[in-house]
Amino acid sequence: ISLVSANVNNNHATYGGAISVRDKSTIQLCDTNINNNNAAKDGGGIYMIDSSLSSSCSDKMSYIQLNTATQYGGGIHCTGSDSSNTGTCSIDGSTTNSIDIAITINNNRLNKRDINMLSGAGLSFRNIKSVNVQLIGIQSNIIDGNGWGGGLSFINVGAGSITDSTVNNNIINILKRVGDPLVSGGGGINIQNSKVDITDCM
């Protein structure tokens, strides 16, 4: 799917409030806004299974913002094929022109917690073999409740990398429930049972 100068706003679903893709599908964004969508479970803006997201234009930004979910990925959630530790996920905001970062994930939220602890208000990866994140802005995302990874979260990722990206001003507002673990953390990044290389990020 290729979205150019599009607005995908105010939608609701169980998985992927705005968009759901799977089975090695690709999403390309150019000058596109994915805003104010809600997922009852995962992926407030976009829900991906073994798929990729990239920028398709050289000089315009795309924004994934103000989306909400109740468990994983307020902005985007990506998981493996059939929720197992297989498949790959790529989020690539690179361009061929002067804009360094062409995709920004900001002001997304995880709230109204369902069952599990909340994870990855901006961007979440779970149960997947390989992940690549490049030239993405992840900022001002918020977890309203106990959880991990205000900006982004890697859980059960075989091999992950995040390169030339910004992870700034993300927040966890801890609201514990009875029986929750004592630790809630990773305001910027959460890495759990995963191998992740972080290069040239700030």
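**Entry 1: salt bridges**

I looked up aspartate 23 and arginine 22 and found their side chains joined in a salt bridge, 3.6 Å from N to O; the term requires a side-chain nitrogen of Lys or Arg within 4 Å of a carboxyl oxygen of Asp or Glu. The model is predicted, so I note that local features need pLDDT of at least 70 and side-chain atom pairs count only at pLDDT 80 or more, while totals for chains, interfaces and linings use all residues. Residues are numbered from 1 along each chain as its sequence is written, and side-chain values use heavy atoms, with hydrogens and water left out.

Aspartate 23 is exposed at a relative accessible area of 53%, and arginine 22 is partly exposed at 41%. Here buried means under 20% relative accessible area, exposed over 50%, and partly exposed in between (1.4 Å probe, protein chains only).

A search of the whole structure returned 4 salt bridges. I examined another, between aspartate 50 and lysine 24, at 3.1 Å from N to O. Aspartate 50 sits in the loop between strand S8 (46–49) and strand S9 (52–55), and lysine 24 in the loop between strand S4 (19–22) and S5, so the pair ties together parts 26 residues apart in sequence. Strands (E, at least two residues) are DSSP runs, numbered from the N terminus. Aspartate 50 is buried at 5% relative accessibility, whereas lysine 24 is exposed at 63%.

I also recorded the salt bridge of arginine 109 with aspartate 144, at 2.3 Å from N to O. Because arginine 109 belongs to strand S15 (residues 109–110) and aspartate 144 to strand S19 (residues 142–144), this pair ties together parts 35 residues apart in sequence. Arginine 109 is partly exposed at 31%, as is aspartate 144 at 22%.

**Entry 2: aspartate 42**

I then turned to aspartate 42, which lies in strand S7 (residues 38–42). Aspartate 42 is buried yet has no salt bridge, and the nearest side chain of opposite charge, arginine 126, is 6.0 Å away. The side chain of aspartate 42 does reach the backbone nitrogen of tyrosine 72, at 3.2 Å. Leaving aside neighbours within four places in sequence, I list among the residues in contact with aspartate 42 Tyr15, Tyr47, Gln71 and His77; contact means heavy atoms within 4.5 Å.

**Entry 3: cysteines**

I found 2 disulfides in the structure, each defined as a pair of cysteine sulfur atoms within 2.5 Å. Cysteine 30 and cysteine 57 form one, with sulfur atoms 2.3 Å apart. The torsion about their S-S bond is about 110 degrees, so this disulfide is right-handed. Cysteine 30 is buried at 11%, and cysteine 57 is buried at 13%.

Cysteine 78 is joined to cysteine 89 by a disulfide, S to S 2.4 Å. This link is right-handed, with 125 degrees about the S-S bond. Cysteine 78 is in strand S12 (residues 76–79) and cysteine 89 in strand S13 (residues 88–92), so the pair ties together parts 11 residues apart in sequence. With the bonded cysteines numbered in sequence order, the pairing reads 1-2, 3-4. Cysteine 201 is in no disulfide, and the nearest cysteine sulfur, that of cysteine 89, is 16 Å away.

**Entry 4: positive phi**

I noted serine 5, a residue other than glycine, with a positive phi near 50 degrees. Aspartate 31, also not a glycine, has a positive phi of about 55 degrees.

Terms used
Helix = DSSP H or I, 4+ residues; strand = E, 2+ residues; numbered from the N terminus. Lys, Arg positive; Asp, Glu negative; His and termini not counted. Polar contact = N/O pair within 3.5 Å; in protein donor to acceptor, adjacent residues only side chain to side chain.
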